[in-house]
Amino acid sequence: MGMLSKITKLRKNKQFGYQPRFYKGKEEGNSPFAMEQRFEKYRSTASHTRGLKNKVNKAMDDMKVEGDRNLKIRMLIIVTVLLLIFLFIIDFDLSIFFK
């Protein structure tokens, strides 16, 4: 074993401690390059509320806040058009509502 151990013995890999010249390290952090979602700071539902009751209460509070009137009208028009397209696809007869 003594003679063969020099041939069959595995060497450790050489380590190279390279550090770039202008590298400031991880202590400083990358705050200008922090990854966060675009609208995260504007959302009220992004908080870490746990439990179904807290989530429902938070959603009800958000519904009480008055929104943009144009947004509501636009949403109503979109839903109406999609409903009419759906009724046309399933061949629904609208004449049952008229005399």
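How far apart are the end C-alpha atoms of α3, and what should its 21 residues span? At 1.5 Å a residue, α3 should span 30 Å, and its end C-alpha atoms are 30 Å apart, which agrees. The expected span of a helix is 1.5 Å times one less than its number of residues.

The structure is a predicted model, in which local features need pLDDT of at least 70 and side-chain atom pairs count only at pLDDT 80 or more, while totals for chains, interfaces and linings use all residues. Residues are numbered from 1 along each chain as its sequence is written, and side-chain values use heavy atoms, with hydrogens and water left out.

The chain contains 3 helices and 0 strands, and its pattern along the sequence is α-α-α. Helices (H or I, at least four residues) and strands (E, at least two) are DSSP runs, numbered from the N terminus.

Confidence is expressed as pLDDT, the predictor's confidence in each residue, from 0 to 100. Its mean over the chain is 77, and 71% of the residues reach 70 or more. Confidence is lowest in helix α1 (residues 5-8), with a mean of 70, and highest in α3, at 91.

The surface may be considered next. Of the 99 residues in the chain, 2% are buried. A residue is buried under 20% relative accessible area, exposed over 50%, and partly exposed in between (1.4 Å probe, protein chains only). The accessible surface of the chain is about 11400 Å², and carbon and sulfur atoms account for 61% of that area. Accessible areas come from the Shrake-Rupley method with a 1.4 Å probe; for residues, only the protein chains shown count as cover.

The segment after α3 (69-89) includes Asp91. Just after the helix, Asp91 takes a positive phi of about 60°. Most residues other than glycine have a negative phi. Is Asp91 buried or exposed? Asp91 is exposed, because its relative accessible area is 67%.

Leu94 also lies in the segment after α3. With a relative accessible area of 37%, Leu94 is partly exposed. Leu94 and Leu84 are 10 residues apart along the chain, and their C-alpha atoms are separated by 10.0 Å.
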